[in-house]
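Keep the structure open while reading.

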Amino acid sequence: METMQALKRGEAILAGGDRPLWRNRPFVSILAGNLVAVFGDCFSGIALSLWVLQTTGSAKQMAFILVSYTLISVLFGSIAGTVADRMSRRKLMLISDLSRGILACILALFMFAFHLPFAAILVLICLSAFAGLFQGPSFHASITKLAGKGRIEQATSAVYLTDNIARISGLALAGVAVAAFGGVWAMVFNAATFFFSALCVIMAGPFDSATDEPVQAAGPFQSAADDPVPATGPFQSAEDVSNGEGKKSLWAELALGFAYIRKDALARSIVILNPIIILLFMSSLMLIQVVAIKEWKAGPIAFGLIEMCVPLGYLIGAGIIMALGSKIGRKGWWVFTGVVTLGPVFAIIAMLPRATAALPLILLGGMLFAFCSMMIQIILRSQVPNEMQGRVYGTLGSITGVAPSIGLLISSSLADVLGAHVVLGAQGLCLLLVGIAAIIWLKPLRQY
């Protein structure tokens, strides 16, 4: 009886992919919760920065917070992804949201009422960051099942569209809100957004089932149902791993996730290419800001327009992907085209004499980055088995969490010596070479 009910739940979830996304209640619910939580995070970020500067006046303390976030992501990201593949992702999202909501309330109380020392506040911030690690892989690994395989392109576009809208609007309003109401209320608001996100997960209803249909993989974890020849050796199907004799330990499944990424050519290509693109793109954006101030002598209006062009271009690119949906073919070549084209775009920006001339190209850069990053996410959701996606997202999050920091450190150091426009042009050349190298050596992406 329980098996039949589980089968019906699984069929109902998979059938949800046949409905338009905006009529898919579970998908819309968790998407709305994520949007509100990201929006609230902007308020807590501004409030924390303001508290540190007002309380300590030390940039070193700010660096401690940033380094702590990075270390937690690197050390525990893969473990969080493995946990997301072992237990109910819905429950994990609930635990993460409720934990962060409670910690945000405690932070608000201790930061602005009891005035605890910085070390105690840093511990609470680290606990919140640790709890947040489990939400990301659980959320992203649930998207494919909730939206349906036929709507992966639209679902991925919707996720990144709403995420960017939340960040842009959140950062725009957070400073005003903190100035008007104070940091304590910003933290309380952030707690409320986490509780609202938890409520949205509850409203989505049960979407975890033991009978989830695995997404067909191109690599060694192909489902036994799709391959008449059973997998042998350590790389048996992910379904066998989950339902085989005995449950593997957390560390065994963590090692299995690393082994999957190492052995599956497509997953390995994504884990290699995506952090490199993010490293070069994010550091190039920083260099454009430096060039705008030092070389172009941009005023506040021009600088604001430059800051607006990248997210606006990203939103336009995401909108195009959402509109085209499954009509987009050869997705690997879209990734390559975006990377190869981004290189010359940044190189040309480095040579321009004025900010106004650069604005269209910066907008184009945001659009190209949308195609690079979102196509990679679409490929990942389409080809990595759903029961492995948590581990892949967790590992990818660990690497991409530290990659931008490395890029910013190297680029800023070189810019002080050689000039920001020179380093920006060199990074444009690096992006071009990375794109060409990816076309030559990343055959799985080229053939997708």
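Axes here are lines fitted to C-alpha atoms, for helices over the stretch in contact, and angles run from 0 to 180 degrees between N-to-C directions. Helices (H or I, at least four residues) and strands (E, at least two) are DSSP runs, numbered from the N terminus.

## Basis and overview

This is a predicted model: local features need pLDDT of at least 70, side-chain atom pairs count only at pLDDT 80 or more, and totals for chains, interfaces and linings use all residues. Residues are numbered from 1 along each chain as its sequence is written, and side-chain values use heavy atoms, with hydrogens and water left out.

The chain has 16 helices and zero strands. Of its 448 residues, 51% count as buried. Buried means under 20% relative accessible area, exposed over 50%, and partly exposed in between (1.4 Å probe, protein chains only). Contact means heavy atoms within 4.5 Å. Among the contacts with a separation of 6 or more, 84% join residues 24 or more positions apart.

## α5 against α6

Helix α5 covers residues 118–147. Helix α6 covers residues 152–181. The two pack at an angle of about 140°, with their axes 9 Å apart. They are therefore oblique to each other. Angles under 35 degrees count as roughly parallel, over 145 as roughly antiparallel, 65 to 115 as roughly perpendicular and the rest as oblique.

α5 passes α6 in a right-handed crossing. A crossing is right-handed if the near helix is turned clockwise from the far one by less than a right angle, and left-handed if anticlockwise. On the α5 side, F139, H140, I143, T144 and A147 make the meeting. Their partners in α6 are I152, A155, V159 and Y160.

L124 lies in α5. It counts as buried, at 12% relative accessibility. Leaving aside neighbours within four places in sequence, L124 contacts L103, I106, L107 and F110. F110 is 14 residues from L124 in sequence, and their C-alpha atoms are 9.8 Å apart.

Q135 is also found in α5. Its relative accessibility is 8%, so Q135 counts as buried. Not counting residues up to four places away in sequence, Q135 touches N34, M93, S96, D97 and R100.

## α6 against α11

Helix α11 spans residues 300–324. The axes of α6 and α11 come within 8 Å and cross at roughly 155°. The pair is therefore roughly antiparallel. α6 passes α11 in a left-handed crossing.

The α6 side of this contact is E153, Q154, S157, A158, Y160, L161, N164, I165 and I168. The α11 side is P311, Y314, L315, A318, G319, I321 and M322.

## L48 in α2

L48 sits in helix α2, residues 25–55. At 10% relative accessibility, L48 counts as buried. Not counting residues up to four places away in sequence, L48 touches M111, I125 and M187. V184 is 136 residues from L48 along the chain, yet their C-alpha atoms are separated by 9.6 Å.

## α15 and its cover

Helix α15 (residues 420–441) has 22 residues. From first C-alpha to last, α15 reaches 31 Å, close to the 32 Å expected at 1.5 Å a residue. The expected span is 1.5 Å times one less than the number of residues.

Which residues of α15 are buried? They are A420, V423, L424, Q427, G428, L431, G435 and A438. Seen down the axis of α15, these buried residues fall within an arc of 150°, so they line one face of the helix. The arc is that of the directions from the helix axis to the C-beta atoms. An α-helix has 3.6 residues a turn, so residues three or four places apart point the same way. On the other side of α15, I440 and W441 are exposed. The cover over the buried residues includes α10 (265–294), α12 (331–351) and α14 (386–418).

## α10 against α12

The axes of α10 and α12 come within 12 Å and cross at roughly 20°. These two helices are therefore roughly parallel. α10 passes α12 in a left-handed crossing. From α10, the contact uses L273, I277, F281, S284 and I288. From α12, it uses V335, F336, V339, L342, F346 and I349.
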